[in-house]
Amino acid sequence: LNRKSDLSFNSVGEAHRMVHLLALHLLREDGCVFAQIGKVGEFNGKITPECNLPAIKHNSLENLAEVCDRLLSTKLSPLKGYVKVVSSTQEPFEAPSKRFQVSTEYQKTVCHCQLQCPIEVPTCVFRDRERAGVSPRTPNHGQRQQIVPDIGERQVYAFSHEDQTTLYTWLAVDEFDRLRNEDMENFLLNWISGLEPDPCAVASGTHEVERES
């Protein structure tokens, strides 16, 4: 049950990988979606920008309700108790694996959820400091405001799991769709680089809140 993907080969020897994935589509009352914007390595500080729904891989034999509960108990543990699952849909797709560089078929289940009450954990926000400033390939301040209005007021949540701090925020649907494009990676990198307080420290504070509750 620990294997999270299956690898096979076709008649000409080409590799094909299958992954079972469960994602959480969490909506707020205003229609904003709870989205991941990137990760930060807790030991090396490496930033990996990526806008997507929170998700977890699972084995094809696992019960999906249990998989969803595991996601909320591990990667999204600060949200446990705040979320109500109302429905689920199947959204399979194919894409090349960035890590393994092989064609991958994703059997994706999306759990559609509602937020039951406000999330009360420490957050960080973007500060337009010099280290988060522009470069020739990075949107300037005006462009940042256009892509994500009021970026300096957007609360970013930092959750720690398995030596990584994953960053989440609430995005309007059009913002979410735009930031999922590969050409937005520099924007996300710039956003994450300018967060204060340090996201890893915020994640540690969130963990302390969990322990006390």
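The second largest pocket has a volume of about 310 Å³. Of its 17 lining residues, Arg 28, Glu 29, Leu 115, Tyr 157 and Trp 170 are the closest to its centre. Strands β8 (103-115) and β11 each supply at least two residues of this lining. The structure is a predicted model, in which local features need pLDDT of at least 70 and side-chain atom pairs count only at pLDDT 80 or more, while totals for chains, interfaces and linings use all residues. Residues are numbered from 1 along each chain as its sequence is written, and side-chain values use heavy atoms, with hydrogens and water left out.

On a 1 Å grid over the protein atoms alone, a pocket is an open set of points with protein on both sides within 12 Å along at least five of seven lines, a cavity is a set where a 1.4 Å probe fits but cannot get out, and lining residues have an atom within 4 Å of a point. Grid points are joined across faces, edges and corners, and a volume is the space filled by probe spheres set on the points. Strands (E, at least two residues) are DSSP runs numbered from the N terminus.

The largest pocket holds about 1600 Å³ of space. Its lining comprises 40 residues, with Lys 39, Glu 50, Asn 52, Lys 57 and Tyr 106 nearest the centre. Strand β4 (residues 47-52) gives the largest share of that lining, five residues.

One cavity of 30 Å³ or more is counted. The largest cavity, of about 30 Å³, is lined by Gln 36, Lys 39, Pro 54, Ala 55, Lys 75, Thr 166 and Tyr 168. To this lining β3 (33-41) and β11 (164-171) each supply at least two residues.

The table divides the linings by class (nonpolar: Ala, Val, Leu, Ile, Met, Phe, Trp, Tyr, Cys and Pro; charged: Asp, Glu, Lys and Arg; polar: the others, Gly among them).

| Lining | Residues by class |
|---|---|
| Largest pocket | 16 nonpolar, 10 polar, 14 charged |
| Second largest pocket | eight nonpolar, four polar, five charged |
| Largest cavity | three nonpolar, two polar, two charged |

Thr 123 lies in strand β9 (residues 123-126). Its C-alpha atom is separated by 5.4 Å from that of Val 156, 33 residues apart along the chain. Leaving aside neighbours within four places in sequence, Thr 123 is in contact (heavy atoms within 4.5 Å) with Gln 155, Val 156, Tyr 157, Pro 197 and Val 202.

The structure holds zero disulfides (pairs of cysteine sulfur atoms within 2.5 Å). For Cys 111, the nearest cysteine sulfur, that of Cys 68, is 4.1 Å away. For Cys 200, the nearest is that of Cys 124, at 9.6 Å.

How values were computed: Helix = DSSP H or I, 4+ residues; strand = E, 2+ residues; numbered from the N terminus.
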